[in-house]
Amino acid sequence: MQKAIKLIIVVELLVITTYFISFSFYINTQVAFLSSLFVILGSSFAYRNMVQNQVDSKVVDEKRDLLDEIEDPYELYDDSINNAPVEELDLKEIVKEEKAKIKIFSFNSAKHGARGSVSLFRLAPYLFLVLGFIALENNHILDIPVYLSSLLIGIVVGSLSSKEIFS
């Protein structure tokens, strides 16, 4: 965690030195860098919390391995199929079993999926990103090349920091 904080401080000091180039360059760099840094860190934190909550609640999705899903996406060659003659099969029971296997959309599954994407840790950084961009544009100081390159710097620093902080 110490390395991540030092990295953020060093890059922030470099961003502050851009003030000597021009105020427009500095403010574009600062807004873009902080926006992308906050987006990456917020998304990482929200994802970590979502995974931790699943582990704590002991929710386990039994998934087949990737090779099985590629070779048999509809489970047509499943080993659990009864190999009895057609006359001995209870078709009503088989249909009931297959219907039970089908996952239907439920409020709980929607709530579970929305919980990670509607987290305050994800929404606030995106709000900062959008409002910062609009503020720069409305004040006629938005410089797209500087802004985009600073987004990349924030993404790299945010990725390295999130790996250090959340591992």
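A residue counts as buried under 20% relative accessible area, as exposed over 50%, and as partly exposed in between, with a 1.4 Å probe and protein chains only. The model is predicted, so local features need pLDDT of at least 70 and side-chain atom pairs count only at pLDDT 80 or more, while totals for chains, interfaces and linings use all residues. Residues are numbered from 1 along each chain as its sequence is written, and side-chain values use heavy atoms, with hydrogens and water left out.

**Exercise 1. The overall fold**

Task: State how many helices and strands the protein has, and what share of its residues is buried.

Solution. 
- Step 1. Helices (H or I, at least four residues) and strands (E, at least two) are DSSP runs, numbered from the N terminus.
- Step 2. The protein has seven helices and zero strands, and along the sequence the pattern reads α-α-α-α-α-α-α.
- Step 3. Of the 167 residues in the protein, 22% are buried.
- Step 4. Contact means heavy atoms within 4.5 Å. Among the contacts with a separation of 6 or more, 73% join residues 24 or more positions apart.

**Exercise 2. Helix spans**

Solution. 
- Step 1. Just after H2, Lys58 takes a positive phi of about 60 degrees.

**Exercise 3. Aromatic pairs**

Task: Classify the ring pairs Tyr19 with Tyr26 and Phe45 with Phe166.

Solution. 
- Step 1. A pair of aromatic rings is described by the distance of the centres and the angle of the planes. Rings of Phe, Tyr and Trp (its six-membered ring) pair if their centres lie within 6.5 Å; planes under 30 degrees apart count as stacked, over 60 as edge-to-face and the rest as tilted.
- Step 2. The structure holds eight aromatic pairs. In one of them, Tyr19 and Tyr26, the ring centres are 5.5 Å apart and the planes stand at 90 degrees, so the pair is edge-to-face.
- Step 3. Tyr19 is partly exposed at 45% relative accessible area, whereas Tyr26 is buried at 17%.
- Step 4. Phe45 and Phe166 form a tilted pair, with 5.8 Å centre to centre and 45 degrees between the planes.
- Step 5. Phe45 belongs to helix H2 (residues 23-56) and Phe166 to helix H7 (residues 144-166), so this pair ties together parts that are 121 residues apart in sequence.
- Step 6. Phe45 is partly exposed, with a relative accessible area of 21%, and Phe166 is partly exposed, with 24%.
- Step 7. Ring pairs also link Tyr19, Phe20, Phe23 and Tyr26 into a cluster.

**Exercise 4. The cover of H7**

Task: Identify the buried residues of H7 and describe the surroundings of Ser162.

Solution. 
- Step 1. The buried residues of H7 are Val146, Tyr147, Ser150, Leu151, Gly154, Val157, Gly158, Ser161 and Ser162.
- Step 2. Their cover includes helix H1 (2-17), H2 and H6.
- Step 3. Ser162, in helix H7, has a relative accessible area of 10% and is buried.
- Step 4. Not counting residues up to four places away in sequence, Ser162 touches Ile40, Leu41, Ser44 and Ser167.
- Step 5. From C-alpha to C-alpha, Ser162 and Met1 are 9.1 Å apart in space, although 161 residues apart in sequence.

**Exercise 5. Leu129 and His140**

Task: Determine whether Leu129 and His140 are buried, partly exposed or exposed, and locate each residue.

Solution. 
- Step 1. Leu129 lies in helix H6 and counts as partly exposed at 22% relative accessibility.
- Step 2. Beyond its neighbours within four places in sequence, Leu129 is in contact with Ser35, Tyr147 and Leu151.
- Step 3. His140 is found in the loop between H6 and H7 and counts as exposed at 70% relative accessibility.
- Step 4. Most residues other than glycine have a negative phi. The phi of His140 is positive, near 60 degrees.
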